[in-house]
Amino acid sequence: MVDRSAIGATDEPFTMVVEYGKVREFARATKSESPEYLEDDAPVMPPTFLTTVSFWSPKGQSVFSKVKLDLRRLLHGGQEYTFHGPPPAAGTRLTVQTRVDDIYEKVGKRGGTMTFVITVSEFRDESGTLVAEARSTAIETGQPATTNEGGA
Amino acid sequence: MPTWDEVTVGTAMAEREYGPISRTDIVQYQGASGDFNPIHHDDEFAQSAGYPSAFSVGMLQAGILASYATDWLGPRNVRKFGVQFREQVWPGDRLVCSGAVVGRDDAARTVDVELVATRVGGGAAIKGTATFVID
């Protein structure tokens, strides 16, 4: 059971430079063959690259620490990205802030209660312009699920 | 990259097969992304959580599906990309990505595509939608 009082909670904004090497490494790990990722000096980030930024947030500052989720029962339900122009390119200094947008429960196909946690991250460039948003759905299952209802 | 006239509603993307997804692919993605959740590479940890073995990272399949789309319509042109996770992907699985143009906005010069990555011998692992600007 998670804490619904976490709705609206935000983390502290933090800044991260989009790195050329990480963009190429990510494009290769996700099987892209596009020379724009693999050969350009300042490649744009692949769309799902935004999610990696969350793994670099300062320790203990993730909004998820305010929701108290159990890693062993955590599934990733879905993910949406919006770019207000071409995706940010290597060299861009992005500032990101994440908020808990919603928390709700649903009864799963096999009974157990599932808790959905929706977070939204906003990414701004050096001038403060909103350049990208990422919306994430995390699901805490009542018990470990081996198929469907998520994929983590 | 296709031209505006080549991406009409109903245009199907060429199917593409990826994999079999190896443990090395999973670990490579974890290193690239910074997501070191042990459930994706540590069998003992995965089994202690009730799973038969470690399994792939959902975001790896999401990234492959995104690459499938951006390799066709261009990395700089993507404006929206969304996925819903369905079936888990296990080491050894092969994934077939397919997609089609389902919408077109003449004024904005954007196309909407629907995408799916299907496990060979299984069901849809991940479904996606995307919007691209066409130059």
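1. The contact between the two chains of this predicted model draws on 37 residues from chain A and 37 residues from chain B. On the side of chain A that touches chain B, α1, α2 (35-38), α3 (50-53) and β2 (74-83) each supply at least two residues, and the largest share, eight residues, comes from β2(A). Sorted by class, this side of chain A has 15 nonpolar, 16 polar and six charged residues.

2. The strand part of the contact deserves attention, as β2(A) is joined by five bridges to strand β2 (residues 78-85) of chain B, the two strands running antiparallel.

3. The pairing of β2(A) with β2(B) belongs to an open sheet of ten strands, whose order is β1(A)-β3(A)-β4(A)-β5(A)-β2(A)-β2(B)-β5(B)-β4(B)-β3(B)-β1(B), with antiparallel pairing. At the edges of this sheet stand β1 (14-17) of chain A and β1 (16-18) of chain B, each of which pairs on one side only. Direction ignored, neighbouring strands of the sheet are turned against each other by 25° on average.

4. Helices also meet across the two chains: the axes of helix α1 (residues 20-29) of chain A and helix α1 (residues 23-33) of chain B come within 9 Å and cross at roughly 155°. Because angles over 145 degrees count as roughly antiparallel, that crossing angle makes α1(A) roughly antiparallel to α1(B). The crossing of α1(A) and α1(B) is left-handed.

5. As for the residues involved in this helix pair, A:Glu25, A:Phe26 and A:Ala29 in α1(A) meet B:Gln28, B:Tyr29, B:Ala32 and B:Ser33 in α1(B). By class, the contact of α1(A) with α1(B) comprises four nonpolar, two polar and one charged residues.

6. Within chain A, strand β3 (residues 93-107) and strand β4 (residues 113-124) run antiparallel and are joined by twelve bridges, with A:Thr113 in β4(A) as the bridge partner of A:Val107. β3(A) and β4(A) form a hairpin with five residues between them, and in the turn A:Gly111 has a positive phi of about 105°.

7. β4(A) also pairs in the antiparallel sense with strand β5 (residues 130-140) of chain A, over ten bridges, and here the bridge partner of A:Val117 in β5(A) is A:Ala138. The hairpin of β4(A) and β5(A) has five residues between the strands, and A:Gly128 takes a positive phi near 90°.

8. On confidence, chain A averages a pLDDT of 87, and 90% of its residues score at least 70. Confidence in chain A is highest in α1(A), at a mean of 96, and lowest in helix α4 (residues 64-67) of chain A, at 73. Over residues 147-152 of chain A the pLDDT is below 50, and this stretch has 29 contacts in the model beyond near neighbours in sequence.

9. Which element of chain A is to be read with both the contact and the confidence values in view? α1(A) is one of the elements that supply at least two residues of the side of chain A that touches chain B, and α1(A) is also where confidence in chain A is highest.

Technical notes: Residues numbered from 1 in each chain as written. Chains lettered and ligands numbered in written order. Predicted model: local features only at pLDDT ≥ 70, side-chain atom pairs only at ≥ 80, totals over all residues. Axes fitted to C-alpha atoms, helices over the stretch in contact; angles between N-to-C directions. Helix = DSSP H or I, 4+ residues; strand = E, 2+ residues; numbered from the N terminus. Parallel < 35°, antiparallel > 145°, perpendicular 65-115°, else oblique. Left-handed = near helix turned anticlockwise from the far one by under 90°. Contact = placed C-beta atoms within 7 Å. Nonpolar A, V, L, I, M, F, W, Y, C, P; charged D, E, K, R; others polar. pLDDT = per-residue confidence, 0-100. Pairing = 2+ DSSP bridges.
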